[in-house]
Amino acid sequence: MYPFIFRTVFSRMAPETAHHLVIPVIRLLGVPPFSIAARALTRPDPSLRTEALGLVFDSPFGVAAGFDKDAVMVRGLGALGFGHVEIGTVTAVPQDGNPRPRLFRLIEDRALINRMGFNNRGAAAAASRLRRLRRGARHAVVGANIGKSRVVDVDAATADYVESTRLVAPEADYLVVNVSSPNTPGLRGLQAVETLRPLLEAVRDAAGATPLLVKIAPDLADDEVTAIAAMAVDAGLSGLITTNTTISRADLLADDARLESIGPGGLSGAPLRRRALEVLRLARSAVPDDFCVVAAGGVETAADVQERLEAGADLVQGYTAFVYRGPFWARQINRGLVQLRRAAARA
């Protein structure tokens, strides 16, 4: 059913318009009695329960940052079967992001290109919503992804991140420093180890007991990946997320004219799978077994998720395939994981 709806309805809409249309539907799924009905259909099997970051996840599979920027769909996404929801990226200063259009589908590649530019209502608003979530019924584990405000110079980035941390860390189950989006000028330069370490240490101190992770780009050289991973351990972080979107346009089915008309932005989806898996393995090799590594990028199927777990990921995240596979994507992943594990046990 969903492929037909996507082909005949959503694919004819601007991607951002389609996204905004589904937000109220997902929010409704988080409210009884709709949430009760949804959970009856999508509740992950107890065998998928996963412990990481000192937290318990109903499933190792969750929603990556970018889908729920302002923490308005957490309960609905949990009702759809996701084990965690990473909100954001949020910034200390509310911002509109880049001019539209800024989100593009590459349907033949099962991919997206975005240059959203951290559009969000600000860390204070996100903290308020997270606070209200804590007062309500149980929901999925919630992470908060924070980035640099566009109006803040790179030289003042640390103070800006610390301000976001001060606001959202007390209300989130874990916190992620995003220094890897290609859509904020100068941001990726913060991934240099000599720049990144003092920033992460300042955020770590401000985050207190909230587990802290850093999210890195797939476009780093291999030695940069291992250097950042080792530094994250040494700096006392709790984990690492591999990977963000890529600026590469290699091996796409979309023609050059289409890509040129879209322009710059981060590519996500199926084409990222190979490099994301490589970066995951590099990072895992550079950190202790008890250091949390979260895998993202090019995840579509239960087999993809299982592959990441076998490569050393503690948790796995997705976003782009949600657009192409529809509202029961998490259920498909969770049920597929159970089937794969049962088949492996019988083998």
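User: In this predicted model, which helix is the place of arginine 39?

Analyst: The model is a predicted one, and what follows is computed from its atoms. Arginine 39 is placed within the helix that covers residues 34-42. That helix is α3.

User: Which residue has its backbone oxygen 2.9 Å from a polar atom of the side chain of arginine 39?

Analyst: Leaving aside residues up to four places away in sequence, arginine 39 touches Pro44, Asp58, Gly78, Ala79 and Gly81. One of these, Gly78, also places its backbone oxygen 2.9 Å from a polar atom of the arginine side chain, and a pair of N or O atoms within 3.5 Å is what a polar contact requires. The residue asked for is glycine 78.

User: How many helices and strands does the protein chain have, and what is its radius of gyration?

Analyst: The protein chain has 13 helices and 13 strands. Its radius of gyration is close to the 20 Å that the globule rule gives for 347 residues, so the chain is as compact as a globular protein of that length. Taken along the principal axes, the C-alpha atoms fill a box of roughly 50 × 45 × 45 Å. The radius of gyration is 19 Å.

User: Are α7 and α8 roughly parallel or oblique to each other?

Analyst: The axes of helix α7 (residues 193-207) and α8 come within 10 Å and cross at roughly 25°, and α7 passes α8 in a right-handed crossing. Angles under 35 degrees count as roughly parallel. The two helices, α7 and α8, are therefore roughly parallel.

User: Which residues in α8 are met by Val193, Leu196, Arg197 and Leu200 in α7?

Analyst: The residues of the contact of α7 with α8 divide into 6 nonpolar, no polar and 2 charged. On the α7 side the contact is made by Val193, Leu196, Arg197 and Leu200, and their partners in α8 are Ala227, Ile228, Met231 and Asp234.

User: Are α8 and α10 roughly parallel or oblique to each other?

Analyst: Helix α8 (residues 222-234) and helix α10 (residues 273-285) have axes that come within 9 Å and cross at roughly 45°, in a right-handed crossing. Asp222, Val225, Thr226 and Ala229 in α8 meet Arg275, Val279, Leu282 and Ala283 in α10, and the residues of this contact divide into 5 nonpolar, 1 polar and 2 charged. Given the angle of their axes, α8 and α10 are therefore oblique.

User: How many charged residues are in the contact of α10 with α11?

Analyst: Helix α11 (residues 302-310) packs with α10 at an angle of about 25°, with the axes 10 Å apart, so that the two helices are roughly parallel to each other, and the crossing is right-handed. In this contact Arg273, Ala276, Leu277 and Leu280 in α10 meet Asp304, Glu307 and Arg308 in α11. These residues divide into 3 nonpolar and no polar, and the number that are charged is 4.

User: Where is threonine 89, which a cis peptide bond joins to glycine 88?

Analyst: The peptide bond that joins glycine 88 and threonine 89 is cis, with omega about 15°. Threonine 89 lies in the strand that covers residues 84-90, which is β4.

User: Where is threonine 243, to which the peptide bond from threonine 242 is cis?

Analyst: The bond from threonine 242 to threonine 243 is cis, and its omega is near 10°. Threonine 243 is placed in the loop between β10 (239-242) and α9 (256-262).

User: What is the phi of phenylalanine 118?

Analyst: Phenylalanine 118 is found in the loop between β6 (111-114) and α5 (123-135). Although this residue is not a glycine, its phi is positive, at about 55°.

Key. Residues numbered from 1 in each chain as written. Predicted model: local features only at pLDDT ≥ 70, side-chain atom pairs only at ≥ 80, totals over all residues. Heavy atoms only, no water. Helix = DSSP H or I, 4+ residues; strand = E, 2+ residues; numbered from the N terminus. Polar contact = N/O pair within 3.5 Å; in protein donor to acceptor, adjacent residues only side chain to side chain. Contact = heavy atoms within 4.5 Å. Axes fitted to C-alpha atoms, helices over the stretch in contact; angles between N-to-C directions. Parallel < 35°, antiparallel > 145°, perpendicular 65-115°, else oblique. Left-handed = near helix turned anticlockwise from the far one by under 90°. Nonpolar A, V, L, I, M, F, W, Y, C, P; charged D, E, K, R; others polar. Rg over C-alpha atoms; globule rule 2.2 N^0.38 Å.
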